[in-house]
Amino acid sequence: MRVVGVDGCRGGWVAVSISRDNQRSFLVMPRIEDVVAMKADITLLDMPIGLPDLGYRACDLAARTMLGSSRSRVFLGVRRPLLAFLNDYAGANAWGKSVGCRVSRQMFAILPKIAEVDAFMSAHAQQRIRESHPEVVYCRLAGGYALPSKTSPAGRATRRDLLLDHGFADIDSWLGTLRKTGAKPDDLLDACACAIAAVDVLNGTGRRLGGEDDIDRRGLKMEIWY
């Protein structure tokens with residue numbers, strides 16, 4: 001048994017692995033295919049899977065409700081037609097405005113990674129590779145309270161403490177090895193949160209946002225596991 005939590009980073013993807021005997025490790029991998037090749041029983045990925053053509057995903061709206069005043073940490077408006085504008089922010093924003101939702105620079109920046117994931121995803125692959133959102137995971141771990149910003153000292157310390165409480169005894173040494181990997185501390189912390197949620201999914205106690213019938217035109221479920 002192995003589960004993996006994954007977050008995108010400048011160097012590619014941070015993958016945090018937890019084995020049946022609770023051995024934990026992480027790698028920074030250049031391609032999402034490298035993560036898939038790990039063949040984990042469950043992989044939870046911090047990246048949208050299942051994209052509507054128009055409108056908002058119910059799972060995103062539910063996640064924003066959970067986070068309350070921190071709701072902006074969950075992007076709205078990621079839609080499949082935007083994948084045609086990977087190198088054209090003006091075009092992406094113009095299309096977004098035409099359907100009533102401008103495209104932020106932050107959301108545009110992750111479109112290439114969304115496309116990278118979407119290229120290999122299928123309904124079959126989604127049985128073991130699913131979407132998560134670290135902010136929602138941390139909210140659950142903190143008893144229903146959204147944490148301070150992950151870029152603040154308080155936010156980073158709170159996340160680190162929650163990970164220590166959930167078995168990541170080596171998190172400080174891990175953070176000390178990130179230099180020149182292309183990953184930032186918050187990328188690693190977020191991947192760890194996804195790995196915690198993946199253990200719950202594998203054990204049958206995972207929590208999910210989104211309706212059973214929320215499926216995009218490629219047959220992909222639009223859901224967030226936390």
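This is a predicted model: local features need pLDDT of at least 70, side-chain atom pairs count only at pLDDT 80 or more; totals for chains, interfaces and linings use all residues.
Let's start with Cys9: with a relative accessibility of 6%, this residue counts as buried. Cys9 takes part in no disulfide, and the nearest cysteine sulfur, which belongs to Cys192, lies 13 Å away. Cys101 is also in no disulfide, its nearest cysteine sulfur being that of Cys59 at 15 Å. Cys101 counts as buried because its relative accessibility is 11%, and buried means under 20%.

| Cys9 | 6% | Cys192, 13 Å |

How many disulfides does the count come to? With a cut-off of 2.5 Å between cysteine sulfur atoms, the count comes to zero.

Now to the sheet. Five strands make up an open sheet with mixed pairing, and their order is β3-β2-β1-β4-β5. At the edges sit β3 (24-29) and β5 (129-131), each of which pairs on one side only. From one strand to the next, the twist averages 20°.

Strand β2, residues 12-19, pairs with β3 in the antiparallel sense, over six bridges. Which residue of β3 is the bridge partner of Ala15? That partner is Leu27.

Finally, a helix joins the picture. Helix α5, residues 111-120, packs on the sheet and touches β1 (2-9), β2, β4 (42-46) and β5. The direction of α5 makes about 55° with that of β2.

Definitions and conventions: Residues are numbered from 1 along each chain as its sequence is written. Side-chain values use heavy atoms; hydrogens and water are left out. Buried means under 20% relative accessible area, exposed over 50%, partly exposed in between (1.4 Å probe, protein chains only). Two strands pair if DSSP finds at least two bridges between them. Helices (H or I, at least four residues) and strands (E, at least two) are DSSP runs, numbered from the N terminus. Axes are lines fitted to C-alpha atoms, for helices over the stretch in contact, and angles run from 0 to 180 degrees between N-to-C directions. Contact means heavy atoms within 4.5 Å.
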